[in-house]
Amino acid sequence: MSNHLKNETSPYLLQHAGNPVDWYPWGEEAFRRAKEEDKPIFLSIGYSTCHWCHVMAWESFEDPETAEVMNRWFVSIKVDREERPDLDSVYMSVCQALTHSGGWPASIFLTPEKQPFFAGTYFPKHRQGGMLSFRELLALIHEKWEKDRSALLNQAKEIVGLLNRPRASKEGAEPELLEDAVRLYKQLFDPQNGGFGSAPKFPSPHNLLFLLAYYRRREDKDCLEMAERTLLQMYRGGLFDHIGGGFCRYSTDERFLAPHFEKMLYDNALLILAYCEAYTATKKKLYLLAAKRTADFILREMTAPEGGFYSAQDADSDGVEGKYYLFTPEEILHVLGPEQGGAFNQQFDITHTGNFEGKNIPNLLQSDPEDRSLDHRLAAVYSYRKDRCSLRLDDKILTAWNGLMIAAFCRLYQASGVRKYLDAAKQADRFLWTRLWTGGTLYVSFRAGRRGAKGFLDDYAACLFAQLSLYGATLEKSYLVQAERLCQDTYTKFQDKENGGFYLCGVGNESLILRPKETYDGAMPSGNSLMAWNLVRLGQIVSEEIYGPLAERQLDFLTADARQYPAGYGMFLLALLDRRDPPPKVTAVLSDPSEAEHLPLLLPSEAAVILREPGTDYPLKNGAATFYICQGHRCLPPVNELYSL
């Protein structure tokens, strides 16, 4: 059995290609049929590693009786939110407006004209408490469509009108916004368990990046404590995969013990950045170890032969959430023997009682995280785990997520000096320009030899972020050329000239019922926040005259939203801090061009470095490499060594 998804490349859509539901991909064919047959659309949005998406699929979409109802009364469309972030943004905003919550799977009902009139998330197969069953919901929607359609159409019109209202413009990046944000982080911080707020707890590494930068610029030790406590607790808990490396999606409890087990590329990229910054600030080797083990996991399990990085690993194995990651004491004793196995069980909290549904998530919450005496036994446990069961891999390569991981590998190279990380970043960058850039356009994704839709703001912003990171790690000017080109393309395709900021959808993307403009830094930094950081950085290393005013306008635009809840805008705050309290600017004049190769390892990663030829303005001192260092509004005498940094 197959439906209209059988020729798609998205792993998520292909998971549903054998459903008895007659799924369509998003496209005119589905909407044309809905108009011809006078049926509403059922739109289901999710992603391949989403546990509750799997549950709703098992319960309803694989059920022939439910599928028969869906096929009789509706035209059904499946969307991979990772390949169509524009659709996800538009219809998730509808869901949040109607229900005051969101999540995946998103279940949206539309008119054939794409106007939404009902929205929700997961619906069970059978009624649970006050929640309707999915079959009951289908029957109610069908009855309303047949008998009181005008009410549904009016509701759809009201929803779209509400979401299309112009946002009031407020100008000016308030100088106290950074301090307001820090005060809010301190109020939300959990001093016992790390993280912010209560469970579930998300890593949100861009918040930690801001706090670490604030500590380094303003010497606020509370900011360092919040970042360190959170990073240490995440590493010690089950959020980190102590057997194979890498971090899971988020913690379902306040201690970071029990994760939601899917592993996402973007989380791991941002966490590598955060752990590297913590290592730079403290020189504690544990943070560098966490970053390297995460990167090695990516290289081992999430890297394509051509160099691009895959998207995600599933939370479920054999239909059971977390099965791949759980152990009993007997398994470890069998693999390692009684002496080593007993010590391993004790160190990683693997007990007969269990810490997760009768089994055990390995963790170091009750052990010394710096005790590495049993590291040599990890390979045997890892090998056993891989043979025991497998994880489904989402092997599509997403431009935006790859941009973040390229930046992470660059930063890890600067922190560790290990060349393989820079090589991986360069290879992935070549993949992007070879496979995901053509005819002056970036594309969202690549899989099975095919590109996805034309790129959105996040793709351009993250790819630009990667070019600036590659320049920082290599000082090769070709990366700055690419960065400026991407910046120009971003303004051409996405800029809102009248109100400021950038739209998610560009001039080459499909026109939808809304044109979203995202600013909130959720699990990932928004494209607008990344562009703020990019513009600030371009002003520091390319041209203040060109990019300084653009950075100021972007920061002013974001301030209007960020002042409402500044702790939700971590990447923007980092950009604002870099603008208001800039890092050192180093003009390097080299006697031998080959000296540039190792220079990025000697300089702070946040330093804005510019290479100059020896001349009248920047002469060599003592005939050797000379550094002209400016910090804030003062410049130091030229030096031959970098001890002052």
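Modeller: By class, the largest cavity is lined by 18 nonpolar, four polar and seven charged residues, where Ala, Val, Leu, Ile, Met, Phe, Trp, Tyr, Cys and Pro count as nonpolar, Asp, Glu, Lys and Arg as charged, and the others, Gly among them, as polar. This is a predicted model, in which local features need pLDDT of at least 70, side-chain atom pairs count only at pLDDT 80 or more, and totals for chains, interfaces and linings use all residues. Residues are numbered from 1 along each chain as its sequence is written, and side-chain values use heavy atoms, with hydrogens and water left out.

Colleague: What is the volume of the largest cavity, and which residues lie nearest its centre?

Modeller: A cavity is a set of points on a 1 Å grid over the protein atoms alone where a 1.4 Å probe fits but cannot get out, and lining residues have an atom within 4 Å of a point. The largest cavity has a volume of about 550 Å³, and of its 29 lining residues Glu 277, Arg 411, Trp 533, Ser 605 and Glu 606 lie nearest the centre.

Colleague: In the open sheet of three strands, what is the order?

Modeller: Strands of a sheet pair through backbone hydrogen bonds, either parallel or antiparallel. Here the order is E8-E9-E12, with antiparallel pairing (strands are DSSP runs of E, at least two residues, numbered from the N terminus; two pair if DSSP finds at least two bridges between them). Strands E8 (263-264) and E12 (393-394) are at the edges, each with a single partner strand, so one side of each has no neighbour in the sheet. Two bridges join E8 to E9 (residues 312-313), and Lys 263 stands opposite Gln 313 in E9.

Notes:
Helices (H or I, at least four residues) and strands (E, at least two) are DSSP runs, numbered from the N terminus. On a 1 Å grid over the protein atoms alone, a cavity is a set of points where a 1.4 Å probe fits but cannot get out, and a pocket is an open set with protein on both sides within 12 Å along at least five of seven lines; lining residues have an atom within 4 Å of a point. Grid points are joined across faces, edges and corners, and a volume is the space filled by probe spheres set on the points.
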